[in-house]
Every structure is written in structure tokens, then in C-alpha cells.
Amino acid sequence: MMNPASMLANIKFGGPELVGLIVVVSFAAGLNAYATVATLGLMAHAGWIDLPTGLHLLTNWWVIAASGVLFTVEFFADKIPAFDLIWNALHTFVRVPVAALMAYGATSELSPEKQLLATLAGGAIALAAHSGKTAARAAVTPSPEPVSNIALSTGEDAVAIGLTWFASTHPILAASIVGVFLVAIVVVIRWVVKAMRKLFRGAEDEITPAKHPKLDAA
């Protein structure tokens, strides 16, 4: 009788399935690179997923342990209001490169042109996810209570881990879900930009009369 692990690892990531995996993993890395790497490594090490050859490094226990420790640090750091903005800004230089490198490794058996395209796409998707995460944080950080930050950060971690796991058995469907998230991110970013412009415009209107009291009196 086939064991559960072999049933889960029956997908060979090639063609559409490989594209789906890259899309999902890149998006998840844009939210939390450490959680994504640790989840992929643990699932592959347990035989739940058959990773492309170029990603076999993720099954190394040193890689899993390091990403697990860093995920633990981020789990707490990412939930501190105001500090989370600094943390996320610095992680622009972590999440995007990690996603690009995983896309590069996943396509190691393809032609150089396709590998380059996958690398650029992986980095772009991670940047979109990271930008949406940062925009959402900028929107909730001004609130006086830390509950919104904690809830948002926990949700992001859950989405990164959940999507990565779901992509192991349903990569194309998981990629479709990511497509919906990307559309939502565009909407959120536009909303935040408009809110920030309105805020600065209101502040400018209050400051301008104070600078020219004589003109106002005339």
C-alpha cells in the first residue's frame, strides 16, 4: 500500500506545474522568505514534495535550521509597531533576492533564456508581495493599538506557509490564488498612496496660511 508521503510527492514539477510552483514560492518569499525556505526544506526532507534538482539544497539541515531560527526572530520583530516598517524595509534586500535565487534554482534544467526569465519573474512577484505587505503595514502602524500589527503579521506568516504547502499538491490552483492576491495588492497600494497624498495635502493646506499671514490679512 502506498504511504501518504509518496502520495503527496507524486507531482513532477515541469511545465505548468513548475510555473505554478515558481509563482507561489516567489510570492510566499515576498511575504516571509525564511518561512518559505523552511517549509519547502522540511516538506522535501520528509518526502512530501519532490523539488526540482536545483532546489535540493533546501533539504540540507543547516539551511532548514538557519531559516527556522531567522523565521523565529522575524516572527517577533515583525509584530512590533513602527519597528516592523524598518524591518520590512531592510528585508527588501532579502526577500526579493531569495525569491529570484529559488526561481533560478528551480529552472536549472531549462535553457538559459528561460532560466533568466524565471529569475526576473520570481524577483518581480516577490517585490510585489513585499510592497503590498509594506503598504499594509504603513496603513495600520499609525493605529495606537498593536493588535492590528500582530494580526496582520500572523496572517502573512500563515499565508506564506499555507500557500507553499498547498503548492506541493495543487501548484496551478495555488498560483491562481496568488493571482488574486496580486490584484488585491495593486488595489491596496493605490489606496495607501491616495491616503498618503490626502494626508500630506491636508498638512500642506494647514501650514501654508501660517507662512503668509500678511497675505491672508490683505
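Student: Which residues do ring pairs link into a cluster?

Tutor: Phe 71, Phe 75 and Phe 76 are linked by ring pairs into a cluster. The model is a predicted one. A search of the whole structure gives 5 aromatic pairs, and one of them is formed by Phe 75 and Phe 76.

Student: What makes the pair of Phe 75 and Phe 76 edge-to-face?

Tutor: A ring pair is described by the distance of the centres and the angle of the planes. For Phe 75 and Phe 76 the centres are 5.3 Å apart and the planes stand at 85°. Centres within 6.5 Å make a pair, and planes over 60 degrees apart make it edge-to-face, so the label applies to Phe 75 and Phe 76.

Student: Why is the pair of Trp 165 and Phe 166 called tilted?

Tutor: The ring centres of Trp 165 and Phe 166 are 6.4 Å apart, with the planes at 35°. Stacked needs an angle under 30 degrees and edge-to-face one over 60, so this pair is tilted.

Student: Why is Arg 95 called buried?

Tutor: Arg 95 has a relative accessible area of 0%. The limit for buried is under 20%, so Arg 95 qualifies. In the protein chain, 38% of the 218 residues count as buried.

Student: What does Arg 95 touch, leaving out residues up to four places away in sequence?

Tutor: Its contacts include Ala 29, Gly 30, Leu 31, Glu 74, Trp 87 and His 130. Gly 30 is 65 residues from Arg 95 along the chain, yet their C-alpha atoms are separated by 5.2 Å. For the protein chain, 71% of contacts between residues at least 6 apart in sequence join residues at least 24 apart.

Student: Where does Arg 95 lie?

Tutor: Arg 95 lies in helix 6. The protein chain has 10 helices and 0 strands.

Student: Why are helix 6 and helix 7 called roughly antiparallel?

Tutor: Two packed helices are described by the angle between their axes and the distance between the axes. Helix 6 (residues 92-106) and helix 7 (residues 112-140) pack at about 150°, with axes 7 Å apart. An angle over 145 degrees counts as roughly antiparallel, so helix 6 is roughly antiparallel to helix 7. The crossing of helix 6 with helix 7 is right-handed.

Student: Which residues bring helix 6 and helix 7 together?

Tutor: From helix 6 they include Arg 95, Ala 99 and Ala 103, and from helix 7 they include Gly 122, Ala 126 and His 130. By class, the contact of helix 6 with helix 7 has 8 nonpolar, 6 polar and 2 charged residues.

Student: What makes helix 5 and helix 6 oblique to each other?

Tutor: The axes of helix 5 (residues 83-90) and helix 6 cross at roughly 40° and come within 4 Å. Roughly parallel requires under 35 degrees, and roughly perpendicular runs from 65 to 115; helix 5 and helix 6 are therefore oblique. Trp 87, Asn 88, Ala 89 and Leu 90 in helix 5 meet Thr 92, Phe 93, Val 94 and Arg 95 in helix 6. That contact of helix 5 with helix 6 divides into 5 nonpolar, 2 polar and 1 charged residues.

Key. Residues numbered from 1 in each chain as written. Predicted model: local features only at pLDDT ≥ 70, side-chain atom pairs only at ≥ 80, totals over all residues. Heavy atoms only, no water. Axes fitted to C-alpha atoms, helices over the stretch in contact; angles between N-to-C directions. Helix = DSSP H or I, 4+ residues; strand = E, 2+ residues; numbered from the N terminus. Left-handed = near helix turned anticlockwise from the far one by under 90°. Contact = heavy atoms within 4.5 Å. Nonpolar A, V, L, I, M, F, W, Y, C, P; charged D, E, K, R; others polar. Phe/Tyr/Trp six-rings, centres within 6.5 Å; stacked < 30°, edge-to-face > 60°. Buried < 20%, exposed > 50% of the residue type's maximum accessible area, 1.4 Å probe, protein only.
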